[in-house]
Amino acid sequence: MKSIIIDDEEMARAILEQLISKTKELSLIESFSNAIEAIKFLNQNSVDLIFLDIHMPTFTGFDLLQTLKNPPKVILTTSDKNFAIEAFEYNCIVDYLVKPVTQERFDKAILKAKSFNVVSSNSKKVEKDIIDELYVNIDRRLVKINFATINLIEAKGDYIQIKTDSKNYTVHSTLKKIEDKLPYELFLKVHRSFIINTTKIVDIEDNSVLIGNNVIPVSRSNRPELMKRLNLL
Amino acid sequence: MIEKPNLNYLKEISGGDVIFEKKMIEIVKKELPEEIKSYENFLNAHNFKQAAEIVHKIKHKISILGLEKSYQTAIDFEEDLKRQELTLQLEFEQILNSMVNFVKDL
């Protein structure tokens with residue numbers, strides 16, 4: 001895949017350049033430190049994949065996307081998870097990578113990019129597999145859990161407890177691992193030990209959220225993201 | 001206790017490419033002092049929005065130097081600055097000092 005990088009930070013560009021250079025499927029055509037130069041380039045050249053920083057001065061990654069009639073596949077890069085919600089409004093976005101980008105996460109994004117089809121810009125539909133369940137390993141069995149039934153997930157030492165409407169599952173894993181498997185639009189990490197299903201919120205107080213009859217703490221750093229997700233009157 | 005910066009992340013990404021590692025260290029050495037100066041200037045001028053922008057830039061370097069807890073502090077401080085809240089200033093500046101001292105010796 002012919003790729004370009006758009007990021008105002010030299011370090012971020014250098015890291016992506018390094019990761020791309022180690023990836024057989026990718027060839028780097030050009031790196032840009034600002035969106036305007038990149039738009040000029042994209043108007044005259046075709047590429048398969050853009051690594052696009054969202055947070056850039058004067059012209060953001062989202063501004064750039066709005067100028068492109070038929071954007072190629074895009075992997076967003078960001079230091080700020082909060083922007084990811086907006087990403088779902090674009091059908092060209094394959095994935096988003098939170099900086100600092102790790103090798104493992106980069107590889108996953110490239111795998112996704114390979115099988116991702118961009119639907120024409122007129123369509124709002126995103127053509128990708130919609131997965132609505134998760135399989136977890138419990139006593140050597142792979143148990144299917146539908147995302148919609150999960151109320152919350154709590155970290156307990158080397159284990160996580162997945163609390164659903166009908167049952168609780170204890171699984172040997174970490175919050176980080178399961179967070180990567182959950183659909184972003186439904187789930188939110190509100191505390192270092194808790195991920196909640198935001199559709200199951202009953203109410204919110206200053207530093208806590210009620211999920212069913214569980215009062216879950218909300219850490220200060222995660223509160224702004226939680227508030228952003230709410231349809232506030 | 002303040003975390004110690006390290007090159008673990010850079011080494012993971014470099015895959016043994018010493019030239020890349022060197023290049024990255026040079027960028028940090030060059031940019032970090034400039035960014036700290038801008039941060040201080042904006043803070044002294046009570047331009048909290050711009051100070052937050054600089055913290056946003058520095059934040060990436062904090063994570064690249066393997067400072068996971070400090071990265072969270074920087075995220076919180078960036079948000080605080082947008083609300084003109086300075087509770088984390090001292091803690092953030094200690095992180096900056098530890099980074100400056102670390103890269104100085106590289």
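**Entry 1: α2 and α3 of chain B.** I began with a crossing: α2(B) and α3(B) cross in a left-handed way, meaning that the near helix is turned anticlockwise from the far one by less than a right angle, while clockwise would be right-handed. The contact residues of this pair divide into eleven nonpolar, two polar and four charged. For that count, Ala, Val, Leu, Ile, Met, Phe, Trp, Tyr, Cys and Pro are nonpolar, Asp, Glu, Lys and Arg are charged, and the others, Gly among them, are polar.

**Ground rules.** I am working with a predicted model, where local features need pLDDT of at least 70 and side-chain atom pairs count only at pLDDT 80 or more, while totals for chains, interfaces and linings use all residues. Residues are numbered from 1 along each chain as its sequence is written, chains are lettered from A and ligands numbered from 1 in the order in which they are written, and side-chain values use heavy atoms, with hydrogens and water left out.

**Entry 2: geometry of that pair.** I looked up the axes, which are lines fitted to C-alpha atoms, for helices over the stretch in contact, with angles from 0 to 180 degrees between N-to-C directions. Those of α2(B), residues 18-44, and α3(B) come within 8 Å and cross at roughly 160°. That makes the two helices roughly antiparallel (over 145 degrees; under 35 is roughly parallel, 65 to 115 roughly perpendicular, the rest oblique). I then listed contacts, meaning heavy atoms within 4.5 Å. On the α2(B) side I noted residues including B:Leu32, B:Ile36 and B:Tyr39, and on the α3(B) side B:Phe48, B:Ile54 and B:Ile58 are among them.

**Entry 3: α3(B) itself.** I found 13 of the 17 residues buried (under 20% relative accessible area; exposed is over 50%, partly exposed in between, with a 1.4 Å probe and protein chains only). Just after the helix, B:Gly66 has a positive phi of about 75°.

**Entry 4: α4(B).** Buried residues here include B:Tyr71, B:Phe77 and B:Leu81. The buried residues of α4(B) pack against α2, α3 and α5 (89-104) of chain B. B:Gln84 follows this helix with a positive phi near 60°.

**Entry 5: α2(B) and α5(B).** Their axes come within 10 Å and cross at roughly 155°, and the helices are therefore roughly antiparallel. The crossing is left-handed. B:Val28 and B:Leu43 are among the α2(B) residues that meet α5(B), where the partners include B:Phe92, B:Leu96 and B:Val100.

**Entry 6: chain B as a whole.** I count five helices and zero strands (DSSP runs numbered from the N terminus: H or I of at least four residues for helices, E of at least two for strands). Buried residues make up 46% of the 106 residues. Of the contacts with a separation of 6 or more, 61% join residues 24 or more positions apart.

Entry 7: A:Thr198 sits in the loop between β12 (194-197) and β13 (201-205). Is A:Thr198 buried or exposed? A:Thr198 is buried, because its relative accessible area is 18%. Leaving aside residues up to four places away in sequence, A:Thr198 touches A:Glu185, A:Leu186, A:Leu188 and A:Arg229.
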